[in-house]
Amino acid sequence: MTTESKRLKQILQNAQTSNHLNLNIDEEASVCRKLFLDFVKFVQKSADLVFPSIFLLEIPTDQYSVKEEDFLCHLFHLSSLKVCILKGGRRKSGVPSRGGLVSLPDNFGRLKSITSLDLSFNKFSSVPCCIGELTNLVDLKIDFNSLETVEFPFKNLTALKSISATNNKVQYVSEKIHLLPELQCLNLASNKLTQLPSTLCYCEKLTHLNVSKNCLKCLPNTLFKSKSLVHLSAAHNDIDQLDFDHDDDIALQCLDLQYNFIQLSEDSKLPSCILLQGNVPRPNGSTSPGSQIEDDYDVPKHFLDFDTVSVKVQHHCGGRYTLPSGVQITFPKGCLTADTELFCKLITDDASGFDLDVTDQLLSSILDMRPNGLEFKKPVRIELPFSYSGFDHQKRHITMRAMSHCLDGSSTCEDLNSELITQGGISKVVGYTSHFSLFGAISKLIEDSIEVKKERSCSLISSANPQHKIKFEENSVQCDTTVTMQVLSVDQNIVHEVTETTDSFASDILLVDVLPETTVFDKPVTVHLGLPYQLIGKSFDRSKLRLMKCSDGSETWNDITSTVDLIFSTLDVSFKIDTFCMFSVIWSNVNGVMRKIFQRQVSYQVQFIAMQRANLPTVVMAQCVQSKLAKQRMEQLKKEGYTGEDSYSVVHELMEGTKFKVKVFGEVQVKYYNDNDRQHMEEKVLKQQFFSQKSPDQSGFCRFCIEPTSNNKPTSTGYVSFHRIVEHECQASVRISPRRSPRGPPQRVKRTHDASGDHGNRLSRDNDVTVPIPEELEHLDDVLVTLKQLDTSLNLPDEREYIYNYDDLGSGMFNEINLRFIASKMGADWPIIGTALGFRKDAMERIKLDNPGQTDEQIFSMLRKWAILHRHEKECVETFIEALKTAERLDIADIVKRIYTDGLENFRKKQRRELSDLPGSSSES
């Protein structure tokens, strides 16, 4: 029996007890594909499909072929099926793949019990008609397909509350959509809509409508008269008029019209619920958002040679600047009042101090733009490349985050209204900013927000899961209050591992934030928290379900079941509160279990690697990678010349952005060449951060040299030790929720971030004052390394040895004394020599960032890197001299040749002297 067959057998056995059949259990699409094919064979042999009680079915459709469509015909036996997930979406090189589903069998409509259907990431060109027969369907997702219309039999879908059809090609929505009596949320973002059906106003329960990133030129006036619509997003469209009666008592609490072409007079008075950031005059001939961006930002193009650069922008013509890394910054005409010198720097290896929430993921390098806080008259466009290879079950949104530091040491941040593009196979996030700061691409949980006003009642419904909602009564606040909500989906496998039983489960975790932070509601707020899916529609002992609460800034989860009244329905549990934090419900809580579940949910399983170069064991590569990638990364390193079969640690758990330090102890030690080298290694090389979405070959690793503590042993053993850097409260990066004001720089001030707490390793900014804080380390694990006496000669030689040690050709030539002497002769044009030596521009940029403002150290670092890579090649000296000649530095080539010739002659003289001293040698010899 194959491994896949064994796994399928185990899955089927578990499904009989848990009523949850999930074939989407592995990161590798090929593994899930084999499981699926085995399952298809099983279904074909078992005509009755002996799982009538299956509640949830999840099947990946990646590589799904038309030949296998008959398989879906057997699903009608699943009479208890409520949640059906048939989706693709596996990612390769940061781009989500599409599944192979193009249609559903006609008898699929016999699955009357289905309440939730997810067909995302497939190839549907139209909504399958059989969906119109699913009379109990509540939630329909068909994102990332090829739909051109949203049209199907509506009249039987009397329970449908939510439709999501984002990232398709939709140009038309049926006028019959008003026949959905329970429709509450309609998400049609990122399509090609030019108009909306006029009947939307007759959807009496529609509260949330998202039509952003389309081609709309106007919005139906009837929408503003809707008595139920509270949130309408139409950002990034082609709208140039805002046509409604300002005196109307509109029900809308948030109307997002950012990045359109709406122009208002200075005396225009609009309700505070309308967001108009990024609206610019329409250029002549513009017909769509895409053409508008190109025309309005049609400025001279400049391609820069370095990722750290200073440029002078002409205020009358602007400019588009492209860095070697792919970052693109576009300054539109007239964004500056005068010609201005601007500075940008791409920080690739240190994100200390960039604000991340515990659920966020950093996807890119950090772009540092200065002068910090510089204001622009027109938005500046930034394109930031990112990589996103993760596959989790959280509903996430990729956006650009901007972070600014204030002179008092505090910081502010905002999440820009962003869009995603792909250029030449490279994914980029595009954002617009009116001021300079730090910018990074992040993946965050989908966030919903609402402006609570004193005189109105309102509701906040989660777009990630409409079962979660918060209701506010009239006069519940004294002033306008912003409430944001995120949903963290809980992996039930983690619950089973923590509780050590398969009979336990927990609901999603609601993360709720309030601004102003000190808000206390005058009237109790009703929270509806969706039940764990195992309990939906079932009878159960309600006394075993415990309501858990974690206050802001605390790690302790408290059982508050006895302090509130819980009201149960078939879908959710509701309760009243007057302050917000994090909430979840868990089955039969045990002390400390919820804290462990949350910690596991926001952490990643990692392993530490320490491998030695096969032909140069003194060179060590140390790294922290996700456990699921450890084997793959080690195989990659072996191909690059590293060795070690057991050069990895056990599995640990780290959170996003965790800083760790590498130390060496035992009979080996880190090799330092001088005090400057020691400081550089301690601060820049041996300190790293873990980021889950960054490719292992681009982040979180360090290379360094080791040497034996004593030369008296034939074999020296030691350990590469990994330690987590424990951050004090004033050092921790605490995320502040995005600002909600439509204009001006971000206003929210971080509460606990102290700009002085990063030991000089934080992101640089103006007026920094460093206050040292003792470094506290928590030991994590050790990896064994070994050096044999034979290998010690491979280290760079000491000063007293350099003129004689030419038996291993090149090792005596490229010692520190010679390299520093050669470096002193190169000067500011050293990058030309670096190119001739084979260094890429990005590698030289990294050397510059590691040694800011120190030209001699930059050159020495480059020469040392080249020496380590090439000093054991037979023709290394000749290769070095030829590179200098290619760079037209014949003066340095002559110096190198003279050093080599003199050193080689001295070595031969020493050999002759040693030979004459041997016993039995004649004086003539």
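Which residues in H8 meet which residues in H11? Let's start there. Glu816, Leu819, Arg820, Ile822 and Ala823 are the ones in H8, and they meet Asp856, Glu857, Ile859, Phe860, Leu863, Arg864 and Ala867 in H11; contact here means heavy atoms within 4.5 Å. By class, that contact has 7 nonpolar, no polar and 5 charged residues. For the classes, Ala, Val, Leu, Ile, Met, Phe, Trp, Tyr, Cys and Pro count as nonpolar, Asp, Glu, Lys and Arg as charged, and the others, Gly among them, as polar.

A quick word on what we're looking at. This is a predicted model, where local features need pLDDT of at least 70 and side-chain atom pairs count only at pLDDT 80 or more, while totals for chains, interfaces and linings use all residues. Residues are numbered from 1 along each chain as its sequence is written, and side-chain values use heavy atoms, with hydrogens and water left out. Helices (H or I, at least four residues) and strands (E, at least two) are DSSP runs, numbered from the N terminus.

Back to the helices. The axes of H8 (residues 816-823) and H11 (residues 855-870) come within 9 Å and cross at roughly 130°. Axes are lines fitted to C-alpha atoms, for helices over the stretch in contact, and angles run from 0 to 180 degrees between N-to-C directions. That makes H8 oblique to H11; under 35 degrees would be roughly parallel, over 145 roughly antiparallel, 65 to 115 roughly perpendicular, and the rest is oblique.

Now a second pair: H4 (residues 492-499) and H5 (residues 593-601) pack at about 135°, with axes 10 Å apart. H4 and H5 are therefore oblique to each other too. On the H4 side we have Ile494, Val495, Glu497, Val498 and Thr499, meeting Val593, Lys596, Ile597, Arg600 and Gln601 in H5. That contact has 5 nonpolar, 2 polar and 3 charged residues.

On to the sheets. Inside it, S9 (residues 162-164) and S11 (residues 185-187) pair over 3 bridges, and serine 164 stands opposite asparagine 187.

The other open sheet has 6 strands, S16-S18-S19-S23-S27-S26, and its pairing is mixed. Neighbouring strands there are turned by 20° against each other on average, direction ignored. S23 (residues 375-385) runs antiparallel to S27, with 7 bridges joining them; arginine 381 has tyrosine 432 in S27 as its bridge partner.

What about aromatics? There are 14 aromatic pairs, counting rings of Phe, Tyr and Trp (its six-membered ring) with centres within 6.5 Å; planes under 30 degrees apart are stacked, over 60 edge-to-face, the rest tilted. Phenylalanine 331 and phenylalanine 436 have ring centres 6.2 Å apart and planes at 70°, so they're edge-to-face. Phenylalanine 331 is in S19 and phenylalanine 436 in the loop between S27 and S28, so the pair ties together parts 105 residues apart in sequence.

Most residues other than glycine have a negative phi, and most peptide bonds are trans. Arginine 370 and proline 371 are joined by a cis peptide bond, omega about 5°, and so are leucine 515 and proline 516, also with omega about 5°. Phenylalanine 144, in the loop between S7 and S8, has a positive phi of about 50°.

How values were computed. Pairing = 2+ DSSP bridges.
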